[in-house]
Amino acid sequence: MSNNIVLKKGLDIPIDGVAALETIKTVTPDVVAVKPTDFKGFAPRLLVKEGDKVLAGSPVLADKQNPDILLTSPVSGTVQEISRGDKRKVLAVVIKADGSNGSVDFGKKDPKAMGSEEVKETLLKSGLWPSIIQRPYGVIANPALTPKAVFVSAFSTAPLAADAEFAFKDDFQAIQAAVTAVSKIAKVHVCVKGGDSIFAKLQDATLHTVIGAKHPAGNVGVQISHISPIKKGETVWTLNLASLAAIGKVFTEGKLILDRMVAVTGPAALKTGYVRALPGTPVSALEGCFDKEVETRFISGDVLSGENIGSNGFIGFFDNQVTLIKEGRERELFGWAKPFRFNQFSSSMAYFSWLLPKKKYKMDTNTHGGRRAFVCSDVYGKVLPMDIFPVYLIKACLAGDIDKMEQFGIYEVLPEDLALCEFVDPSKNDIQAMISEGIDLMIKEMA
Amino acid sequence: MEENTVKPGLFEKGGKLGWLHSTWDAFDTFLRVPATVTSKGAHVRDSLDIKRVMIIVAIALVPAALFGMWNVGYQHDIAMHDLPGFWYQFFWGLWKVIPLYLVAYIVGLGIEFAGAQIKGEEVNEGYLVSGMLIPLIVPVDVPLWMLALAVAFAVIFGKEVFGGTGMNFLNPALLCRAFLFFSYPSSMSGSQVWIARRCGADAITGATPLSYMSEGMDAITGAHFSFWNMFAGTIPGSVGETSVIAILIGAFILIWTGVASWKIMVSSVAGALFVGWLGTAFGATDVPAYVQLVMGGFAFGTVFMATDPVTSAQTECGKWIYGFLVGALCITVRLFNPGYAEGMMLAILLMNTFAPLIDHCVTSSATKKRAKKVSVA
């Protein structure tokens, strides 16, 4: 049975550099990082020290509050370095790969014949539990809770996002196995773009077809708010396709296989396409895809919500996309006053981008203006297909007013859902950071 | 590391003239887009900024301003017959209006710059529009010292004390006009102030159509005001408010660019027509409702003042309510206050105060509705 979700609002940012549908190469990196910072709510406790030998699937870090939750190594090799930040916070465990395929054997299992506790146990042991994100707040799922439902978005509408149909074309069986397994814990909802999607054939899940798929229609948060809005006291879990593929392979192969097709995208990419890589692969392994002479921003994820990882950074656990854009430090003379700026995109009719609806723009990181108080009131709602008042929610977050944040829907959103509001904001506020601070306050106050 | 070795620029914090940083920054970013890059959140941003939003409003005001300048000369010529031809009338009007602009901008921007300097913030662009508006909503012969005082009051007590553009709850330009009106009524109303005179000359009598409002439609047409000359704007009045044609051009620019809310404009007109119709239906006046739309400051207020995004209602549903009440209240004042028939200024200021309440009602009723939604999963 398929249900339709019709979405009218949203915006597809016409940024140049969509990944060509071809595989460039398989990246076999020297080192791979396990980054606890990818997981919100994970307080890392080290289980290894420098020089230890690990296999793919060996535990590397455990959560301090819930020691059953593990992060495991994606490769076999030796722990090379434990990189720390302020207050000795663990930023990454860097593992030198030995090139062998040694991995921990979790045992092949048939998800259809398993109970919910067995599924949970396998996920916890293999280090894939942290791939389940729990809402509200977008934290690591609590294994002791049973969620209202599990939501999966089988497509992404983010700028230059990897084409799920291409990137996961070989992973259908694994994803099916994972959906079957997770459906033992709670009802699974899968949102697909159209009836011809390969994921429309998934069993053991309720399918929803999203019609009018402008960004952020592919965001699972938007889909949840149309299927079953999260109320106070409720929890739901979300999983992305890359995690589902890995979960499925743990059951069908008995091994931790995390590699996925990663889209190399962006206007600063010399060559776009897909590479097969592990999460935690250094971006420097993408040599040949970017120009070392140009000041480039390396983003793990998309331009709206991805993380700036720098040229020495590692691809994030949840990401199957790397975006390369130029740092925009050039100062355009009379920018705001020019009647025409054909190389700058604006979704607003105050510029003339509407004359060139097919143009793709070589966007950079310039803010195109100074930071101001909120002035315009109607630009945000146009790009947010959710039943909330974005500016009111943001102001409640700024004021730290718990009641108002609840009233205006803090349980339903993650920063990424308001990323487009941030993009269009003429006042240039960092809206995602504001929402994120609001969520942190909620976590602290409601604990 | 690198930053420490580079000497701060002349106007940067720590530089010789660092205390002038805000002023320097305002001129610098006026000329060139700042080099700031995104630090958190979305890595790319839309090219629209507040400067662009404000310049669009300023452009939308240009037709009304140019027409107003010509009309100042034209009205003087009708009364005195001493300005032959279009260009004489236009330049004479320009000569009369320029001092108003100078005073509005020098006093207003001076305070804005000083305020930004004291707070160490960037200068807000909001006053670009307020300064453009203020000369258009006052009688052309208003004494400049009064204008300076009113501008200072409006900027300091209407905006700066609340934290600047975006934080104010009253429209600063209207607050300026209200200050003038209540402090110096003799320079702001009556029939002696609407037509510009030569230096030292006696006042010229020339009433606006609104002053005949209480006497009915016959009095208005009897004073040679037709719907069409009120629509075209060749009548006495505040500098920029008379020509509905010029205002409609501005309205088109604002609506097309999405800078001002068409919902507020449409609902304000609806509110005015509704109360105007009630007025004729119950015999309070014989002035047809559609004539109300072209008299006085209604059109100008609806397009440029009621739609101020900061002081109007913020929610989409709230905008309909807010606009309707602005229009309705304006005509109500015209019908029942023969002493001062120009209701637009007070209608908008009053609704500015009520806009947060409207929004509160809209958001809380939406939240309650949401809470009732049945969960399906």
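Predicted model: local features only at pLDDT ≥ 70, side-chain atom pairs only at ≥ 80, totals over all residues.
A residue counts as buried if 20 or more other C-beta atoms lie within 10 Å of its own. By that cut-off, buried residues make up 56% of the 447 residues in chain A.

The C-alpha trace spans about 65 × 50 × 50 Å along its principal axes. Take the contacts in chain A between residues at least 6 apart in sequence: 70% of them join residues at least 24 apart.

Now some backbone details. Most residues other than glycine have a negative phi, and most peptide bonds are trans. In the loop between β10 and β11 of chain A we find A:P136, joined to A:R135 by a cis peptide bond with omega about 0°. That loop also holds A:Y137, not a glycine, yet with a positive phi of about 85°. A:Y137 counts as partly exposed because it has 19 C-beta neighbours inside 10 Å.

Over to chain B. Which loop holds B:H81? The one between α3 and α4 of chain B. B:H81 has a positive phi of about 55° and is exposed, with 8 other C-beta atoms within 10 Å. Helix α15 of chain B, by contrast, is mostly covered, with 17 of its 21 residues buried. α15(B) reaches 31 Å from its first C-alpha to its last, close to the 30 Å expected.

How values were computed:
Residues numbered from 1 in each chain as written. Chains lettered and ligands numbered in written order. Helix = DSSP H or I, 4+ residues; strand = E, 2+ residues; numbered from the N terminus. Expected span 1.5 Å × (residues − 1). Buried ≥ 20, exposed ≤ 12 C-beta atoms within 10 Å, placed from the backbone. Contact = placed C-beta atoms within 7 Å.
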